[in-house]
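Subject: Structure for your review

Dear colleague,

Please find below the structure that I am handing over to you, with its sequence.

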Amino acid sequence: MRYCINCCIHLLPNDLHRQCFRCRGPNHNNQKCPVCKGENKIPLCADSKQMKLLAVLEVRTDPSESWNGFFCLRKGKLCSLIFGLLIMTLVMASYILTGAKHGLLLIPSPFHYGAFTSNPSLMDNESLSDMKDHYQPSKMNISYVKDYPSIKLIIDTITSKIEFVTRQRPGLEELRKQEPHMFSVIPNKFLPNSKNPCWYEEYRGNTTTDPYATNSYALYSKRFRTIFDYLRKVFWNHLYHYKDKHYRLRCLPHFYIIGQPKCGTTDLYDRLRLHPDVRFSAIKEPHWWTRKRFGIIRLRDGFHDRYPVEDYLDLFDLAAHQIQGVLQSEAAKERGKMNSIIIGEASASTMWDNNAWIFFYDNSTEGEPPILIQDFIHAFQPNAKLIIMLRDPVERLYSDYLYFASANKSAEDFHEKVAESLQLFENCMLDYSLRACVYNNTLNNAMPVRLQVGLYVVYLLDWLTVFDKDQILVLRLEDHASNVKYTMHMVFQFLDLGPLSEKQEALITKSPASNTRRPEDRSLGPMLPTTKAILRDFYRPFNTKLAQVLFDDAFLWKRT
């Protein structure tokens, strides 16, 4: 069978090309025919079987049409190329801007101070072994490894400026001058038949008066309103009546869990609550000594009305009601039974947070706070007991970062924040003393991560200027995590708590750990090995001094 591509006519097997209706005629010449020129005609042959009409197209090679198509093709490619370059430029600009912000660029950070050659001898063997055990370096970390020598120079400068100088304690009259109302409310003597510091205070309200109407904790936090609603209902049932007057029992804590954040204080608090002779404030962390009495709710929100000491004392009313029940029991009256219930308070900011002093106390001590929290606590409770839970400051800082950082958390971002904080701390140490920098509100707010919280020995030495060493129990989270029973026995002995039954002890020591790292934070993995090496160098002189003060090399945290 044969087909004329130009005419698309179905032909029989014996038909000739001249039978095509467009090419018919006795004088037809295929070469001269404008339609059937041989050079441009492409015949299509098939088998001899009869077929239906097919629509077949002939491709002609017209030179002008070919060049037009070529130029159209080139214009299309050119437009596509320009558009692609524009998109790539925008993507690169976005990468540079976001990468610079989050510390993801493979370029030197602003904390590379000149061209330094990496020196492995500068890195301690322990940190290097940790790197091999816990982290496999990736290409992303090349620039961070180069950070080490430059940041090591910053750390060396800080170390050279460290001096542990004993602070001067303020006198009692100076404290009274600063907080006259507090001294007018809290007496200097407590009930002799109570192990916990308590006293009776005359209540001048009547049955229609709401004793908690102005309590700032109830006003500013919805979480605590249920507690205060209950206290209102039972308030009159717990008043002591004597000679036509009403008295309420007021109490302060017998012991304080004063620090540090992310060191296991919540777990210790939850276990101690289970002891039958231990009570706590209605709120785990009132932060009254450090923040609320200055009117600080959140540091970023500025100052509010100051919380008076009465608001703080209200938080212990639930425990005071139980102590009062013991004191007024028949057995206590007849035998002079001693109340054995004690109250605790567990604000993890108490040990270290003195940021507000600059706004309220005279700054005449070259940047060092003239009065610290412990000065007031000791003035009212010279026999108070203090519990401190610590952990490796390097790991504490990373845990702190994971807990408080809101977005874009990563090991690389943590590294950049550590580098920036170290530079800020160095700048302060060049002009001020160690204590002035540790308690510097401006510096502490400017540092992206809270380096200063891990300088445990600086705070401990300041607490030891007012409290005796046997009034302070210092624990390690690492020991607590590995042997809860042992550390809890140490706490029970320190607080002179009575013996427990096996069932009670099992309930306290075998309960699950509290406030562990969130799953989404665990998925981020450990900090970069270079970051760990940097932080170990920074904290080493402070850990060394801490181990000397406590006579315990475990606080060197050589292997955690």
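Five strands make up an open sheet with parallel pairing, in the order β7-β8-β6-β9-β10. Strands β7 (278-280) and β10 (472-476) are its edges, each pairing on one side only. Here strands (E, at least two residues) and helices (H or I, at least four residues) are DSSP runs numbered from the N terminus, and two strands pair if DSSP finds at least two bridges between them. On average, neighbouring strands of this sheet are turned by 25° against each other, direction ignored. Axes are lines fitted to C-alpha atoms, for helices over the stretch in contact, and angles run from 0 to 180 degrees between N-to-C directions.

Please note that this is a predicted model, in which local features need pLDDT of at least 70 and side-chain atom pairs count only at pLDDT 80 or more, while totals for chains, interfaces and linings use all residues. Residues are numbered from 1 along each chain as its sequence is written, and side-chain values use heavy atoms, with hydrogens and water left out.

Within the parallel sheet, β9 (residues 385-390) is joined to β10 by five bridges, and M389 has L475 in β10 as its bridge partner. Helix α18 (residues 456-463) lies across β6, β9 and β10, at about 175° to β9.

The loop between β6 and α8 contains Q260, and the peptide bond from G259 to Q260 is cis, with omega near -5°. A further backbone feature is found at D244, which has a positive phi of about 60° although it is not a glycine. D244 belongs to the loop between β4 (240-242) and β5. For context, most residues other than glycine have a negative phi, and most peptide bonds are trans.

A three-strand open sheet has antiparallel pairing and the order β3-β5-β4. Its edge strands are β3 (198-203) and β4, each of which pairs on one side only. Six bridges connect β3 to β5, and the bridge partner of W199 in β5 is R250. Helix α10 packs on this sheet, touching β3, β4 and β5, and its direction makes about 115° with that of β5.

A cavity is a set of points on a 1 Å grid over the protein atoms alone where a 1.4 Å probe fits but cannot get out, and lining residues have an atom within 4 Å of a point. Grid points are joined across faces, edges and corners, and a volume is the space filled by probe spheres set on the points. The largest cavity holds about 70 Å³. Its lining consists of F235, H238, L239, R248, L249, D317, A320, H321 and Q324. Two or more lining residues come from each of β5 (245-251) and α10 (317-327), and α10 gives the most, with four.

Finally, the structure holds 27 salt bridges, each being a side-chain nitrogen of Lys or Arg within 4 Å of a carboxyl oxygen of Asp or Glu. One of them joins K152 and D156 (2.9 Å, N to O). K152 and D156 are separated by about one helical turn, because they are four residues apart in helix α3 (residues 142-161).

Yours sincerely

Key:
Contact = heavy atoms within 4.5 Å. 1 Å grid on protein atoms, 1.4 Å probe; cavity = no way out; pocket = protein on both sides within 12 Å on 5 of 7 lines; lining within 4 Å.
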